[in-house]
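Biologist: I am new to this one. Please walk me through how to read it, feature by feature.

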Amino acid sequence: MVLQMRENRSSLNKVERQAFAMLGTCLAAMTIMPALKGYWLVPVFSLGALALLVLALGRHRASVPASESLELGAGRVVYRKRGRPPVQLSASRLQFVPLRPSPVKLSLILSDANRKIEVGSCLSLEEREAIAPIIAAALSQRRGI
């Protein structure tokens with residue numbers, strides 16, 4: 001069994017892009033009066049803030065989404081994360097521990113005698129909650145429990 005996990009990315013649709021254009025127009029209109037009174041930094045700041053937001057959204061869209069995979073095979077587990085070498089673990093000695101230090105945080109930990117690996121760090125809280133029982137069931141099935 002191979003479990004592919006990827007960061008949820010939603011791009012801006014046409015309506016959302018139009019909303020940003022309207023926001024920019026409103027910001028420009030709101031800065032006319034302060035600019036006429038000699039406060040030139042008000043329009044520079046507000047339009048600069050909007051430009052930084054548009055730049056950040058563009059960079060985010062162009063970046064590669066974070067992804068992980070967990071391969072549960074016969075007697076072994078292979079964890080892969082983008083930009084890191086794969087980690088192979090023995091399924092017989094592996095423990096799966098979902099840690100919940102607070103209601104808004106959930107860490108899915110795979111651990112054996114030598115190392116601990118957090119799985120699903122690219123997922124949202126709801127997605128981690130949904131995937132935790134799947135990983136636990138698949139791991140217990142691979143161990144023959």
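**Reading the sheet**

Modeller: Start with the open sheet of four strands, ordered S1-S2-S3-S4 and paired antiparallel. Keep in mind that this is a predicted model.

Biologist: What holds strands of a sheet together in general?

Modeller: Strands of a sheet pair through backbone hydrogen bonds, either parallel or antiparallel. Here the pairing is antiparallel.

Biologist: Which strands stand at the edges, and why is one side of each left without a neighbour?

Modeller: S1 and S4 stand at the edges. Each has a single partner strand, so one side of each lacks a neighbour in the sheet. As for the angle, neighbouring strands of this sheet are turned by 15 degrees against each other on average, ignoring direction.

Biologist: How many bridges join S1 and S2?

Modeller: Five bridges, in the antiparallel sense. For one example, look at Met5: its bridge partner in S2 is Glu68.

**Reading the core**

Biologist: Now the inside. What do nonpolar side chains tend to do?

Modeller: In soluble globular proteins, they tend to be buried together. In this model, the largest nonpolar core has 23 residues. Leu70 and Val119 have the most contacts inside this core.

Biologist: Which elements supply at least two residues each?

Modeller: There are strands S1 (2-6), S2 (67-72), S3 (76-81), S4 (87-90), S6 (105-111) and S7 (116-119), along with helix H4 (125-143). H4 gives the most, with five residues.

Biologist: Which residues does Val119 touch?

Modeller: Leave out residues up to four places away in sequence. Val119 then touches Met5, Glu68, Leu70, Tyr79, Leu108, Leu110 and Ile135. Met5 and Glu68 are the bridge partners we met in the sheet.

**Reading the salt bridges**

Biologist: Next, the charged side chains. How many salt bridges are there?

Modeller: The count comes to three. The idea is a side-chain nitrogen of Lys or Arg within 4 Å of a carboxyl oxygen of Asp or Glu. Glu71 and Arg76 make one, at 3.4 Å from N to O. Arg80 and Glu71 make another, at 3.1 Å. Together, Glu71, Arg76 and Arg80 are linked in a network of salt bridges.

Biologist: How exposed are the residues of that network? Take Glu71 to begin with.

Modeller: Glu71 is partly exposed, with a relative accessible area of 23%. Arg76 is partly exposed as well, at 36%. Arg80 is also partly exposed, at 36%.

Biologist: Which residue forms a salt bridge with Arg100?

Modeller: Glu129 does, and the closest N and O atoms are 2.5 Å apart. This pair links distant parts of the chain: Glu129 lies in helix H4, Arg100 in strand S5 (residues 95-102), and they are 29 residues apart. Glu129 is partly exposed, with a relative accessible area of 35%. Arg100 counts as partly exposed too, at 40% relative accessibility.

Biologist: Last stop, Ser46. Is Ser46 buried or exposed, and why?

Modeller: Buried means under 20% relative accessible area. Ser46 has 9%, so Ser46 is buried.

Biologist: Where is the place of Ser46, and which residues does Ser46 touch?

Modeller: Ser46 sits in helix H3 (residues 41-62). Leaving out residues up to four places away in sequence, Ser46 touches Leu27 and Thr31.

How values were computed. Residues are numbered from 1 along each chain as its sequence is written. This is a predicted model: local features need pLDDT of at least 70, side-chain atom pairs count only at pLDDT 80 or more; totals for chains, interfaces and linings use all residues. Side-chain values use heavy atoms; hydrogens and water are left out. A nonpolar core is a set of buried Ala, Val, Leu, Ile, Met, Phe, Trp, Tyr and Cys residues joined through side-chain atoms within 4.5 Å. Buried means under 20% relative accessible area, exposed over 50%, partly exposed in between (1.4 Å probe, protein chains only). Contact means heavy atoms within 4.5 Å. Two strands pair if DSSP finds at least two bridges between them. Axes are lines fitted to C-alpha atoms, for helices over the stretch in contact, and angles run from 0 to 180 degrees between N-to-C directions.
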